[in-house]
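Opened the notebook for a new model today. I wanted to see how the chain is put together and how its parts meet.

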Amino acid sequence: MDQVQKDRLIEEKKQRDFMDILAKASEPTNLDAASLREEVLAIGISEAGTLRGLVEHIFNQATEDIATQQTMAEFCQLMPQTFDPPEKTEEAKGPASRSSSEKRVDFRLMVIKKCKDELDKGSHAHKAVRSWEEKEAKAKLKGEDKQQADIDRAAYARMLRCIPFCGCLYTSGVLTDKVIQACIDHLLKADEDPRSESVEVLTKLMSKVGGKFEGSAKTTKDKKTITKYFDTMEKIKNDAVSKDIAKMLNKVLTLRENNWAVTA
């Protein structure tokens, strides 16, 4: 077995171990974020590919078991922001030996990029789902069309589960305001009829991040953007045919009126 095969087997074991450790956040173990961090770091991380795999497992865990989202967010907050590249052997060292692959690996940036990727995939899937629904209204989907429609629905559903996780990451200090803006933009499209599941996720997101998000607006442009979001919510609420949609949006707007303080 050559070194490449050995390295591949070592990496595969690391990824299996990451998945097993993160699963301990679920019942019945319910391991806390600090304990998860210690177990993950004990495995060893120095390569970008290793860290990228870990981030993938984090998002899989958070979207497959939403009860672990806060723990996963706290885990991300506790992780080192950057990781150093592996040490070179004496033979490999030299004045021209340093390459771009040896730069410090930024964990936070990987998490932010993963959030954006999930939103982009979900947004494309959302458009596809609307198209499939229009086709289904005319005739039952069959064969490859049905298979693709199921794939798109699953991707859209994953995005809806991912957005509350983004909210947890944001309140934990891992994500930036821009990512939350992107989440709201994906959920709140003034040129479309709102879907009840999107409004439900929007309500959960804003209930969690609303106070911090609105308080973070420093510039006039940021304040105008946030005001526009709530004006759009007000309009959708007033125009909504569905009482459920109106009720969910009213909950968010009332929270804002009360300075994001939850009342009994």
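This is a predicted model: local features need pLDDT of at least 70, side-chain atom pairs count only at pLDDT 80 or more; totals for chains, interfaces and linings use all residues.

My entries below go from the overall fold to the domain contact and then to the backbone.

**Entry 1: overall layout.** I boxed the C-alpha atoms along the principal axes and got roughly 70 × 50 × 45 Å. For secondary structure I counted 10 helices and two strands in the protein chain. Reading along the sequence, I wrote down the pattern α-α-α-α-β-β-α-α-α-α-α-α.

**Entry 2: domains.** Next I looked up how the chain is divided. Domain 1 is pieced together from 10-84, 105-118 and 160-175, while domain 2 runs 176-263. I have their C-alpha centres at 27 Å apart. For the contact I listed 15 residues from domain 1 and 15 residues from domain 2.

**Entry 3: the area between them.** How much area is buried between domain 1 and domain 2? I get about 1200 Å², and carbon and sulfur atoms give 79% of that.

**Entry 4: polar links.** I searched for salt bridges between domain 1 and domain 2 and the count is zero. Polar contacts did turn up: three residue pairs, with both partners at pLDDT 80 or more.

**Entry 5: which helices do the touching.** On the side of domain 1 that touches domain 2, α5 (107-136) and α6 (143-171) each supply at least two residues. α6 gives the most there, with eight residues. I sorted the residues of this side by type and got 10 nonpolar, four polar and one charged.

**Entry 6: a check on α6.** I wanted to know how the length of α6 compares with what its residue count should give. At 1.5 Å a residue, its 29 residues should span 42 Å, and I find the end C-alpha atoms 43 Å apart, so the two agree. Just after α6 I noted G173, which takes a positive phi of about 90°.

Entry 7: Where is the cis peptide bond? I found it joining E27 and P28, with omega at about 5°. P28 sits in the loop between α1 (3-22) and α2 (33-43). I also flagged N259, a residue other than glycine with a positive phi, near 55°. I placed N259 in the segment after α10 (243-257).

Definitions and conventions. Residues are numbered from 1 along each chain as its sequence is written. Side-chain values use heavy atoms; hydrogens and water are left out. Domain bounds come from an automatic or database domain assignment. Contact means heavy atoms within 4.5 Å. Buried area is the accessible area (1.4 Å probe) that two parts lose on being put together, summed over both. A salt bridge is a side-chain nitrogen of Lys or Arg within 4 Å of a carboxyl oxygen of Asp or Glu. A polar contact is a pair of N or O atoms within 3.5 Å; within protein, one must be able to donate a hydrogen and the other to accept it, and residues adjacent in sequence count only if both atoms are side-chain atoms. Helices (H or I, at least four residues) and strands (E, at least two) are DSSP runs, numbered from the N terminus. Ala, Val, Leu, Ile, Met, Phe, Trp, Tyr, Cys and Pro count as nonpolar, Asp, Glu, Lys and Arg as charged, and the others, Gly among them, as polar. The expected span of a helix is 1.5 Å times one less than its number of residues.
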